[in-house]
Amino acid sequence: MKTILIVDDEPRTREGVRKVLEAKSTGRYRIETAASGLQAIEWLEQHTADLLITDIRMPQLGGLDLIEQISEMPNPPVVIIISGHAEFDYAQKALKFGVVDYLLKPLDKHKLVQSVELAFKKQEEQERIEQMGKLVDSKLMKTMQEADSFNPSVQQAIQFVEEHMHEPLTMRAIAEHLHMNASYFSVLFKDQIGITFSEYLTRRRIQKAKELLLGTQLTIAEIAEASGYQSDKYFVKVFRSLEGVSPGQYRKSRSYDADKID
């Protein structure tokens with residue numbers, strides 16, 4: 001269930017927003033309210049919100065100051081601002097903090113609901129991006145982005161790895177396949193990619209394993225074999241050394257995260 005925190009020092013607006021969203025949510029949202037920015041900060045220090053809807057002009061702690069403070073918190077909510085003033089400076093500062101929408105009072109109920117739906121879509125997209133960041137090896141991502149600029153022999157080696165990853169592979173065997181001296185190939189590969197062929201192969205195999213752990217119901221032994229490891233015990237050892245957890249723990253934790261996003 002998504003949690004929305006509504007912050008406004010005007011009771012009529014605060015309760016009006018709450019009632020509209022409760023009527024439209026059909027139980028999908030948990031809705032909390034705060035009568036001031038300070039009260040909102042106190043609540044957020046103890047709880048988590050997915051969406052913050054806040055007035056911009058409030059005594060003691062205004063909406064922009066509130067947004068700035070919560071932006072430094074772990075997992076800050078996405079934000080919608082409501083205001084009785086169409087002031088450019090406010091809107092410009094709001095955009096700086098990644099505010100999803102800027103709604104003017106008196107609030108249009110239809111626009112309010114649309115804005116909330118847009119905010120949750122943005123939040124889910126941010127979470128998906130974060131999850132992809134955890135899934136994809138940054139060094140491999142860099143290699144993929146720069147692949148077109150590599151020496152043709154290195155490109156062929158990368159392609160060969162993709163097509164034969166499930167098989168036993170050695171640098172010498174690939175060098176022979178490319179009709180190259182193994183020592184020269186080793187130097188060339190590291191110069192182009194930034195890591196040794198052995199490290200690249202290990203990272204690519206573990207990346208493959210992560211994809212299979214999250215995208216299939218294959219057993220750990222089957223994933224080890226599909227990723228090019230003859231021994232599932234050795235696979236678990238290598239996986240743990242790179243990811244800090246066992247394959248089983250990785251699957252369990254990331255599957256839980258995926259459930260939250262979807």
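**β1 and β2.** I began with the pairing of β1 and β2. The two strands run parallel and share six bridges. I note here that the model is predicted.

**The whole sheet.** Next I followed the strands across. The sheet is open and has five strands, ordered β2-β1-β3-β4-β5, with parallel pairing.

I then checked what packs against the strands. Helix α1 (residues 11-25) packs on the sheet and touches β1, β2, β3 (51-55) and β4 (78-83). The direction of α1 makes about 175° with that of β2. Helix α2 also packs on the sheet, touching β1 and β2. I read about 155° between the direction of α2 and that of β1.

**Two sides of α2.** I stayed with α2, which spans residues 37-46. Which of its residues are buried? I listed Gly37, Ala40, Ile41, Trp43 and Leu44. Why do they fall on the same side of α2? They cover an arc of only 165° around the axis, so they share that side. I looked up what lies over them: the cover includes β1 (2-7), β2 (29-34) and α3 (63-70). Then I turned to the face pointing away from the buried side. That face carries the exposed residues Glu42, Glu45 and Gln46.

Notes:
Residues are numbered from 1 along each chain as its sequence is written. This is a predicted model: local features need pLDDT of at least 70, side-chain atom pairs count only at pLDDT 80 or more; totals for chains, interfaces and linings use all residues. Side-chain values use heavy atoms; hydrogens and water are left out. Buried means under 20% relative accessible area, exposed over 50%, partly exposed in between (1.4 Å probe, protein chains only). Helices (H or I, at least four residues) and strands (E, at least two) are DSSP runs, numbered from the N terminus. The arc is that of the directions from the helix axis to the C-beta atoms. Contact means heavy atoms within 4.5 Å. Two strands pair if DSSP finds at least two bridges between them. Axes are lines fitted to C-alpha atoms, for helices over the stretch in contact, and angles run from 0 to 180 degrees between N-to-C directions.
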